[in-house]
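Subject: Structure handover

Hello,

Here is the structure for your files. My notes on pockets and aromatic pairs follow.

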Amino acid sequence: MKKNIGATLALYPTPAVVVGTEVEGKVNWLLVAHVGIIGHDRIMLSLFKKHYTNAGVKQTGKVSVNMVSEEMLVRADYVGCASGSRADKSAVFAYHRGEAGTPVIDESRLVMECEVVDNYETETFDNFICKITNTYVDEDCLNEKGKPDYKKLKPVLFEMPNYTYLRTGETIGKCTSFGKDYGKELKNEGEKTNTL
């Protein structure tokens with residue numbers, strides 16, 4: 001029996017990321033949990049309009065998206081709690097400039113530099129549509145095909161209904177493998193039925 005709990009946003013967990021940009025020439029960091037995928041080359045960062053960071057994203061038109069590991073979590077949580085309008089967060093993480101000029105956190109195992117191409121505004125949120133320009137991954141977190149290995153990256157996950165952080169789980173299997181096996185079973189059952 002299911003219970004209707006109303007219009008609850010429940011498409012979680014998602015990776016926690018720290019967004020890096022500049023506000024009035026100074027580096028600023030913000031923990032962001034509302035992230036989404038738009039196609040294969042764009043993401044969306046949904047930021048509450050009152051965040052200090054939003055002005056920097058609008059001014060510079062670019063942002064870094066730094067995946068959070070457990071080693072970074074205390075500081076990542078801090079940059080989500082402290083406002084850049086009252087606290088200088090520029091030194092919370094050691095960083096360097098990426099090829100597109102955004103501040104990139106040194107210890108983040110996976111970082112995307114993005115160009116902001118649009119802002120879908122709602123009453124309370126700026127929803128920045130970002131085109132990925134560069135992706136940096138620690139070499140020891142790549143698999144044999146040169147792709148990110150999330151078992152090694154171990155990103156921290158965030159879930160909204162209960163405001164909690166989760167560890168990345170175990171691998172269940174390869175995408176499409178279950179569906180292909182199930183399709184074969186259906187085909188075999190159909191063939192058996194037709195021969196009876």
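A pocket here is an open set of points on a 1 Å grid over the protein atoms alone, where a 1.4 Å probe fits, with protein on both sides within 12 Å along at least five of seven lines. Lining residues have an atom within 4 Å of a point. A volume is the space filled by probe spheres set on the points, which are joined across faces, edges and corners.

This is a predicted model: local features need pLDDT of at least 70, side-chain atom pairs need 80 or more, and totals for chains, interfaces and linings use all residues. Numbering runs from 1 along each chain as its sequence is written, and side-chain values use heavy atoms, without hydrogens or water.

The largest pocket has a volume of about 600 Å³. It has 23 lining residues; closest to its centre are Pro15, Ile37, Ile43, Met112 and Tyr150. The lining splits into 16 nonpolar, 6 polar and 1 charged. (Nonpolar: Ala, Val, Leu, Ile, Met, Phe, Trp, Tyr, Cys, Pro; charged: Asp, Glu, Lys, Arg; polar: the others, Gly among them.)

The second largest pocket comes to about 470 Å³. Its lining has 3 nonpolar, 3 polar and 6 charged residues. Among them are Glu144, Lys145, Asp149 and Tyr150.

Aromatic pairs

There are 6 aromatic pairs (ring centres within 6.5 Å, using the six-membered ring of Trp; planes under 30 degrees apart are stacked, over 60 edge-to-face, the rest tilted). The Trp29 and Phe93 rings are edge-to-face, because their centres are 5.8 Å apart and their planes stand at 85°. Both Trp29 and Phe93 are buried (under 20% relative accessible area; exposed is over 50%, partly exposed in between; 1.4 Å probe, protein chains only).

Regards
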